[in-house]
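Good morning, colleagues. Please look at the sequence and the model on the screen while I take you through its architecture.

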Amino acid sequence: MSALKAKIEDVFNEPSCDKNQGKDAKARKKGCSKPLTPGAAAGGCAFDGAKIVLQPVTDVAHLIHAPLACEGNSWDNRGAASSGSSLWRTSFTTDLTELDIVMGQGERKLFRAIREIAERYAPPAIFVYSTCVTALIGDDIEAVCRRAAEKFGLPVVPVNAPGFVGSKNLGNKLAGEALLDHVIGTEEPDDVTPYDINILGEFNLSGEFWMVKPLLEKLGMRVRACIPGDARYRDIATAHRAKATMMVCSTALINLARKMEERFGIPYFEGSFYGISDTSEALRQLAALLVQQGAPPELLDRTESLIAEEEARAWAALEGFRPRLEGKRVLLNTGGVKSWSVVHALQEIGVEIVGTSVKKSTPEDKERIKQILKDDNHMFDSMAPRDLYAMLAEHKADIMLSGGRTQFIALKAKMPWLDINQERHHPYAGYDGMVELARQIDIAIHNPVWETVREASPWDADGNLVSSAPNPGENDDTPLAEPVHAFRKFANSNADEMGEC
């Protein structure tokens, strides 16, 4: 636990965080986490955060050293997509019981689980996750992993991020530390080129990185490692030979980007693939860094040519949506990189932003939002559900973009909603992703269901039918006092309009 405590203090003391460096030494040690509100949803523990960052490494076996519930709550909870092995979606857990804990059988059970995975699946590596229970009872997963690696001849990586040490965001960073300590730099590639890059903090949600990768390939850039989206173990092990890094979500892995720059001399920048302008700027910055690192200068000209071609195609596709979306008001309840990158993307098609959440955003994210929106009046750290509901019910916004946990607020207000977080089913990255985002917003806002659900019901508070069309076969003068009869008559009279179910 002393090693973990030191690691947490090191993560909290992040030099790349301007806000953190503005604190005194005592405040800096406390980190950036805020105390949780009792009874409120905390948004995930450190173990959950580590699992989110590492599970999309697709060919690795992810073994949870814990009672069954820990793996049950964290398994397959992101929409990350894989183009290769599906081993990462297989659930592995030691399934500790009370008897195992009382009798001190945790470490032996962990070793046996590692052996079974190695013999049955032969993965290139096994990631072993500590959890609250196993950390509290003192199981030494690092010692077990070292012994298992020697015994079975494959990397066994300890991920020391038990849930009780902090928030999901802290777990993200501890996962990055595990990669630095045990994976990155452990293998040497034999195919290094001047065009090798790393992408950090990209999760390939709904396969959206696959919409960006072809652009990089057209420029001759090769993604040495995308961490974690659709990654392979060897990709990450050789990531130290890349020439440049793009950081997509600094909230999650800023420590990884900074330390890779310090240890291996890989410069990085923070960018976004959401929106036309941001995608173009990301390509420009990647090209510029590669040229600084020794790539031929003609890469800059080829990049500008590709940007001009792709932008013209994307703007032409978006023109069809502009008359239907221009002036529409969006309430954005998300965080992190999306708090500013999606704002910028939506403004490009004439959409007005009436509010954006900055709860999970860094100070740099907030500064970008101020520059984009020209002020901070539309920024909110946390808006209570009743306030979100009031804003929608009073028609101060035409649609809310958020995660699945707040969709029912919009639906209760009878207003359109679109998933923008990890559960979404549509990719929004790159030029084609921007067109898809506009298409989905258009579909949501102009769905005829909203006009229907906002109509007044055809019966009064007592269940009496207020008005109805003639219903052949029934006496139209007969009063329908019971609500169920009123509903039947209304449904029958509108059968032609409603169609068959």
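This is a predicted model: local features need pLDDT of at least 70, side-chain atom pairs count only at pLDDT 80 or more; totals for chains, interfaces and linings use all residues.

Of the 501 residues in the chain, 50% are buried, where buried means under 20% relative accessible area, exposed means over 50%, and partly exposed lies in between, with a 1.4 Å probe and protein chains only. Residues are numbered from 1 along each chain as its sequence is written, and side-chain values use heavy atoms, with hydrogens and water left out.

The accessible surface of the chain is about 23300 Å², and carbon and sulfur atoms account for 51% of that surface; such areas come from the Shrake-Rupley method with a 1.4 Å probe, and for residues only the protein chains shown count as cover. The chain contains 24 helices and 13 strands. These are DSSP runs numbered from the N terminus, helices being H or I over at least four residues and strands being E over at least two. Contact here means heavy atoms within 4.5 Å. Of the contacts in the chain between residues at least 6 apart in sequence, 69% join residues at least 24 apart.

Let me turn to strand 1. This strand covers residues 61-64; A61 and L63 point one way, H62 and I64 point the other way, and all are buried. Which strands does it pair with? L63 has V128 as its bridge partner in strand 3, and I64 stands opposite T93 in strand 2.

H62, within strand 1, deserves a moment of its own. Its relative accessible area is 2%, so H62 is buried. What does its side chain reach? A polar atom of the H62 side chain lies 3.4 Å from the backbone oxygen of Q55, and the side chain reaches the backbone oxygen of V57 at 3.2 Å. Both are polar contacts, that is, pairs of N or O atoms within 3.5 Å; within protein, one atom must be able to donate a hydrogen and the other to accept it, and residues adjacent in sequence count only if both atoms are side-chain atoms. Leaving aside neighbours within four places in sequence, the residues in contact with H62 include K51, L54, W88, F92, F127 and Y129.

Next, strand 12, residues 399-402. I399 and L401 on one side and M400 and S402 on the other are all buried, so both faces of this strand are covered. Strand 12 pairs in the parallel sense with strand 9, residues 329-333, over 4 bridges, and with strand 13, residues 417-419, over 3 bridges. L331 stands opposite M400, while S402 has D419 as its bridge partner in strand 13.

The largest nonpolar core has 55 residues, and I197, L216, M221, L346, L401 and I441 have the most contacts inside it. Helix 21, residues 430-445, supplies the largest share of this core, 8 residues. A second, separate core of 47 residues includes V57, L174, A231 and A257. A nonpolar core is a set of buried Ala, Val, Leu, Ile, Met, Phe, Trp, Tyr and Cys residues joined through side-chain atoms within 4.5 Å.

Now to a loop residue. Y274 is found between strand 8, residues 268-270, and helix 14, residues 276-292. Is Y274 buried or exposed? Y274 is buried, because its relative accessible area is 11%. Its side chain makes polar contacts with the side chains of E208, at 2.7 Å, and R424, at 2.8 Å. Y274 and V342 are 68 residues apart in sequence, yet 6.0 Å apart in space, C-alpha to C-alpha.

Finally, the cysteines. How many disulfides are found in the whole structure? The search finds 0 disulfides, a disulfide being a pair of cysteine sulfur atoms within 2.5 Å. For C45, the nearest cysteine sulfur is that of C132, 6.0 Å away. C45 is partly exposed, at 29% relative accessible area, whereas C226 is buried, at 6%.

Notes. Two strands pair if DSSP finds at least two bridges between them.
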